[in-house]
Amino acid sequence: MSAPGVTDRNTITIERAFDIEGRSLWTDARRRLVKNKAALTSIIVLSIIALMAIAVPFVWPYGYADIDYGNIACAPDWWPGVDVTCRAGGYHIFGMDQNGRDLFIRVLYGARVSLAVGVVATLVSLLIGVTYGAVAGFVGGRLDELMMRFVDVLYSLPFIFFVIILMVVFNQNFFLLFVAIGAVEWLTMARIVRGQTLSIKQKEFIEAARAAGVGTFANIRHHVIPNVLGPVVVYVTLTIPTVILAESFLSFLGLGVQDPLTSWGVLIADGKDHMETAPWMLIFPALFMAVTLFCFNFIGDGLRDALDPKDR
Amino acid sequence: MWPYAIRRVLGAVPTLFIIIALTFFMMHIAPGGPFDAQRHLPPEIEHNVRAAYNLDKPVWEQFALYLGNLLHGDLGPSYKNHDFTVTQLIAVGLPVSARLGFSAIILAIVLGISLGTIAALNQNKATDYGVMGLAMIGITIPTFVTAPVLALIFGIYGLHFFGYDFFLPAGGWNGGALANMILPVTVLALPQIAIISRLVRGSMVEVLRSNYVRTARAKGLPNHIVIFRHALRAALLPVVSYLGPAIAGLLTGSLIVETIFGIPGIGRYFVEGAINRDYTLVMGVVICYAAFVILLNLVADILYALLDPRVRFA
């Protein structure tokens with residue numbers, strides 16, 4: 001319980017601080033990120049893809065599972081090749097797949113699945129990795145050694161094999177896909193956070209907090225984690241594409257999402273089987289996926305430059 | 001060095017044990033066994049089949065039996081490829097996979113280092129941007145896209161020069177003929193070339209600015225000696241420590257490449273085995289891969305210490 005006077009004084013100081021335009025690490029970083037053309041373009045492109053994935057299925061005339069038997073594997077109207085067997089007509093701007101389904105809407109549903117898996121699995125890895133790394137680094141000593149040795153052991157496991165086995169064992173449960181991939185990806189995050197925590201632990205403000213009687217976990221939550229967020233944010237933007245790749249890899253092998261639901265990996269696998277007669281089935285999903293992965297990588301690079309104090 | 005190596009090898013034993021235990025129990029808590037999907041057998045026969053494969057015993061006992069056999073180098077019979085033991089299957093597949101992976105890693109190292117060095121020497125010029133742009137493409141476009149696309153271009157459409165047609169086989173192994181190896185090795189090596197060239201460029205740029213390189217130049221040493229003898233040696237350190245993850249990446253890639261190009265290596269066994277619930281085959285392949293990763297990580301660590309005199313064997 002603090003005296004009312006103290007609270008008042010704090011409020012005043014905070015208000016005053018807002019009057020002066022602050023240049024915190026984050027405002028600075030945002031300014032520099034916006035200046036970075038590649039990163040800014042990537043953010044815009046990615047937003048467009050995400051918005052399309054969310055909104056277009058509501059207004060598009062075809063569903064992702066609607067089958068048109070008259071138009072199996074037909075080319076879009078504008079396709080330049082002359083030797084295509086048939087043209088789809090209508091609004092099938094990306095052509096049709098091998099079952100006569102509209103490819104455009106399927107690519108967008110693939111985007112939904114891939115992006116959702118990417119974000120959710122990354123959040124899972126973030127939660128595990130940050131907690132684990134911060135606790136190991138902050139507590140230190142025996143516990144730290146034990147925890148990081150465990151990470152080392154897991155590191156040397158060929159993890160994709162475990163994900164594959166998991167997917168087989170539990171019959172391609174969609175929910176499990178998130179958990180399995182997230183549980184694989186937290187290791188690097190834990191190492192990064194631990195390293196950062198070790199250096200932050202030495203700072204005076206932590207010592208001050210400890211002297212003021214702040215407990216270990218409160219200290220980690222209020223003082224350590226906010227200060228390790230920089231490298232973590234960078235790593236998150238680089239983890240999302242890795243996760244999207246992992247999911248597509250599983251789907252490509254037939255172990256991910258199941259028909260009629262789709263993901264970019266499934267679409268690419270189908271496209272590969274029909275690439276001689278219907279190359280659009282390979283090109284469009286591959287293009288969407290490549291562009292998305294590009295964007296995330298550019299944003300990650302941009303963030304790293306923006307948050308790197310050495311560049312100031 | 002030797003005490004360090006021996007300690008590391010001993011340290012790998014618990015890791016291997018964890019891998020074996022995890023895989024074993026994961027496969028055994030799976031709903032549905034390897035003999036479920038087929039037509040129903042009379043109960044007596046089914047009982048005999050299960051007894052023959054020790055599947056009627058408690059899981060713990062099965063695990064103990066498996067470990068015991070493993071110590072004698074016996075990976076058990078394959079559940080699905082009848083009349084073959086897992087050891088026999090791996091003995092057929094491993095040389096193929098090893099040859100594929102080894103060629104890919106050599107290609108990746110050679111090309112990656114050359115491209116990275118070239119980019120670093122032309123920092124912020126068109127060559128640099130070109131190489132790094134290609135590297136970005138190599139990193140972001142996954143193996144399962146490059147494999148079919150390259151197979152389509154070189155295997156099916158073919159290349160046409162001066163009235164001649166050049167075709168590469170789009171699949172098959174043919175006993176490891178050079179023509180059959182070109183496409184899979186390229187596809188497998190591409191992402192690693194990209195990553196290694198980025199690593200080399202980054203560290204080379206930094207090393208070229210360092211004091212000892214300036215000293216070497218000030219001494220009047222010719223450019224190529226400064227680059228190859230002084231700078232490159234230090235710039236290669238990140239590559240050596242990347243070798244561990246690179247090998248893991250190659251293994252993952254080999255699952256895809258072997259499946260797409262129809263190469264009879266152990267990666268394809270793994271995918272087929274996992275889908276068919278061929279427990280023993282999957283276990284065998286995982287153990288094999290894990291042992292490989294651990295061994296090569298050890299080699300990478302020793303190489304690192306040999307290259308960098310600041311690192312001591314601790």
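Predicted model: local features only at pLDDT ≥ 70, side-chain atom pairs only at ≥ 80, totals over all residues.
Student: Let me try it, then. Is A:R194 buried, partly exposed or exposed?

Tutor: A:R194 is partly exposed, because its relative accessibility is 23%. A:D144 has 8%, so that residue is buried.

Student: Which residue does A:R194 form a salt bridge with?

Tutor: A salt bridge pairs a side-chain nitrogen of Lys or Arg with a carboxyl oxygen of Asp or Glu within 4 Å. Here A:R194 pairs with A:D144, and their closest N and O atoms are 2.7 Å apart. The two sit 50 residues apart, with A:R194 in helix α7 (residues 174–201) and A:D144 in helix α5 (residues 141–155), both of chain A, so this pair links distant parts of the chain. As for "helix", that's a DSSP run of H or I with at least four residues; strands are runs of E with at least two, and numbering goes from the N terminus.

Student: How many salt bridges are there over all chains?

Tutor: Eight, searching the whole structure. Another one joins A:K272 and A:D273 at 3.5 Å, N to O. A:K272 is partly exposed at 24%, whereas A:D273 is exposed at 53%. There's also a network of salt bridges linking A:D97, A:R101 and A:R106.

Student: Which residue does A:D301 pair with?

Tutor: A:D301 forms a salt bridge with B:R198, with the closest N and O atoms 3.8 Å apart. A:D301 belongs to helix α11 (residues 280–307) of chain A and B:R198 to helix α7 of chain B, so this pair joins two chains. B:R198 itself is partly exposed, at 30%.

Student: What does B:S197 touch?

Tutor: Contact means heavy atoms within 4.5 Å. Setting aside residues up to four places away in sequence, B:S197 touches B:G112, B:L115, B:G116, B:M132 and B:A135. B:S197 lies in helix α7 (residues 178–208) of chain B and is buried at 2%. Over in chain A, look at A:N219 in helix α9 (residues 216–252). A:N219 is buried at 1%, and beyond its neighbours within four places its contacts include A:F138, A:I206 and A:R210.

Student: And cysteines: how many disulfides are there over all chains?

Tutor: A disulfide is a covalent bond between the sulfur atoms of two cysteines. The test is a pair of cysteine sulfur atoms within 2.5 Å, and the count over all chains is zero.

Terms used:
Residues numbered from 1 in each chain as written. Chains lettered and ligands numbered in written order. Heavy atoms only, no water. Buried < 20%, exposed > 50% of the residue type's maximum accessible area, 1.4 Å probe, protein only.
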